[in-house]
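The sequence and structure are shown first.

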Amino acid sequence: MLSRDLEQQLLASEALVIGASAGAIEALNRLLPAVPEAARIPVVVVVHLPPNRPSLLPEVFASRCAALVREPEDKQPITPGSIWFAPSNYHLLLEADRSFAFSTDLPVNFSRPSIDVLFESAADVFADRLCCIVLTGANDDGARGASMIRERGGLVIVQNPDSAEAKEMPNSAIARANPQIVATLPEIADLIRLATRAAP
Amino acid sequence: MPEDIEIRLLLDAIYLRYHYDFRSYSAASIKRRLAAAKTQLNAETLSALQERVLREPQVFTRLLQFLTVGVSDMFRDPSFFRVLREKVVPELRTYPSIRIWIAGCSTGEELYSFAILLREEGLLDRTTLYATDINPEALRKAEQGLYPIDRLQAFTENHQLSGSKCSLSEYYTAAYGSAAFDRTLRKNVVFSDHSLATDSVFAEVQLVSCRNVLIYFDRSLQDRALGLMKDSLCRRGFLGLGSKESLMFSAHVGSFRDFVASERWFQRC
């Protein structure tokens, strides 16, 4: 299903950014175990979270993933080999020197963290060497960021809306970003495995 | 990218014209804030905005609101305030008079959280609070202590979780859609214009709280700001940071020890 060009682009990606909302836990449960322990590139994930308590996502996924699962600190370098989760009540951004940054600016698309905020800052840093994945969700966060990644020459993957628990987010991303790949979760897991596996 | 060049030029222009220094702010956040300002101020490009900012001080005043105002909740991260109440306050009690610096106080939510907690612990009367910010408009709001009533539910929940035995409603009166906080809470507050980027130390204090301000700075400016806090603090004085902020990547890591590191409380060595 994957053309040679897209495979090359996947293999040339230097970071993978993922956004998910309603139905996120189940979808990520199918995907994140595909990231190996010595992953070639960093994986950064925004899930919409309630603002008033700490995120439990690192604990939830740590035992299910071979890669290290954690929340970044301000200014921490974006190193490969980890799955990085955005904390609750902050926007997570990437800086040009490839470190993490945070903001407490107003919610975007009613969300903080917002997927668009991560995706747009990631597009600035990685341009065409970036792959993003938009998963299940019940609003349109991520669509704008994905379209910016697409404009900069990055690779946009969207979960097939028919296979998503909530279709609106994938539908919005498809309408706005013209993704190269629309796929089911098992297919996306294979793409993640390919993108993140350590060089032989 | 032309936009990145425009950002640099605009920040230089602001510094030269108004002496506000945003040149060492975190680039990713500045970019978003300027994009929002550009749209709201109806500028075609950042270069066009720069032209207006240089010639019209009132446009700069409006731009400043985009560049600086961070909205916070009262008692944001209640567990931080629980540690203040249970672990830090007992140490502060040993001082006959207490001085506290709320650095980057913005519109005052953090300041009133401290004042309320100190009153509940019986320390407010012998405490001086320095509330500083670079944005005069934000300082004015902090001094007013008026907040939209729809924010009070979140404030109230946080206040309860911080370990208070009282109701937050004891500290404000509601009228015309706003909650007006008790003016005696700010009796011992000194509101002052102060920049962590360009100003120097102004007092010796036993506690500095600077939360979710450093995240907007790059590493060099973080070091400058943390250096000011270090030099302001007496020995064994306390530093409270935001929940994602740490000393880990700072030049001043050796000047502090962990107090309750999980809640971002540090102590001056």
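## Domains of chain B

In this predicted model, the C-alpha centres of domain 1 and domain 2 of chain B lie 28 Å apart. Domain 1 covers residues 2–68 of chain B, and domain 2 covers residues 78–268.

Ten residues of domain 1 of chain B and twelve residues of domain 2 of chain B take part in the contact between them. On the side of domain 1 of chain B, helix H4 (residues 57–68) of chain B supplies the largest share, three residues. By class, that side of domain 1 of chain B comprises three nonpolar, six polar and one charged residues.

## The seven-stranded sheet of chain B

Chain B contains an open sheet of seven strands with mixed pairing, in the order E6-E2-E1-E7-E8-E10-E9. Its edges are formed by strand E6 (189–193) and strand E9 (256–260) of chain B, each of which pairs on one side only. From one strand to the next, the twist averages 20°.

Strand E1 (residues 98–103) and strand E7 (residues 205–210) of chain B run parallel and are joined by three bridges. Within this pairing, Ile102(B) stands opposite Ser209(B) in E7(B). Helix H6 (residues 109–120) of chain B packs on the sheet, where it touches E1, strand E2 (127–133), E6 and E7 of chain B. The direction of H6(B) makes about 170° with that of E2(B).

## Contact between chains A and B

The contact between the chains draws 16 residues from chain A and 18 residues from chain B. On the side of chain A, the elements giving two or more residues are strand E5 (91–94) and strand E6 (100–103) of chain A. Of these, E6(A) gives the most, with three residues. The class composition of this side of chain A is eight nonpolar, three polar and five charged residues.

## The largest nonpolar core

The largest nonpolar core has 144 residues, among which Ile83(A), Leu118(A) and Cys132(A) touch the most other members. Helix H4 (residues 115–126) of chain A gives the most to this core, namely eight residues. Domain 1 (2–68) and domain 2 (78–268) of chain B both contribute residues to this core, so the core lies between them.

Which residues surround Cys132(A), leaving aside its neighbours within four places in sequence? Cys132(A) is in contact with Val17(A), Phe119(A), Ala146(A), Ile149(A), Gly154(A), Val156(A) and Ile157(A). In soluble globular proteins, nonpolar side chains tend to be buried together.

How values were computed:
Residues are numbered from 1 along each chain as its sequence is written. Chains are lettered from A and ligands numbered from 1 in the order in which they are written. This is a predicted model: local features need pLDDT of at least 70, side-chain atom pairs count only at pLDDT 80 or more; totals for chains, interfaces and linings use all residues. A nonpolar core is a set of buried Ala, Val, Leu, Ile, Met, Phe, Trp, Tyr and Cys residues joined through C-beta atoms within 7 Å. A residue is buried if 20 or more other C-beta atoms lie within 10 Å of its own, exposed if 12 or fewer, and partly exposed in between; C-beta atoms are placed from the backbone. Helices (H or I, at least four residues) and strands (E, at least two) are DSSP runs, numbered from the N terminus. Domain bounds come from an automatic or database domain assignment. Two residues are in contact if their C-beta atoms, placed from the backbone, lie within 7 Å. Ala, Val, Leu, Ile, Met, Phe, Trp, Tyr, Cys and Pro count as nonpolar, Asp, Glu, Lys and Arg as charged, and the others, Gly among them, as polar. Two strands pair if DSSP finds at least two bridges between them. Axes are lines fitted to C-alpha atoms, for helices over the stretch in contact, and angles run from 0 to 180 degrees between N-to-C directions.
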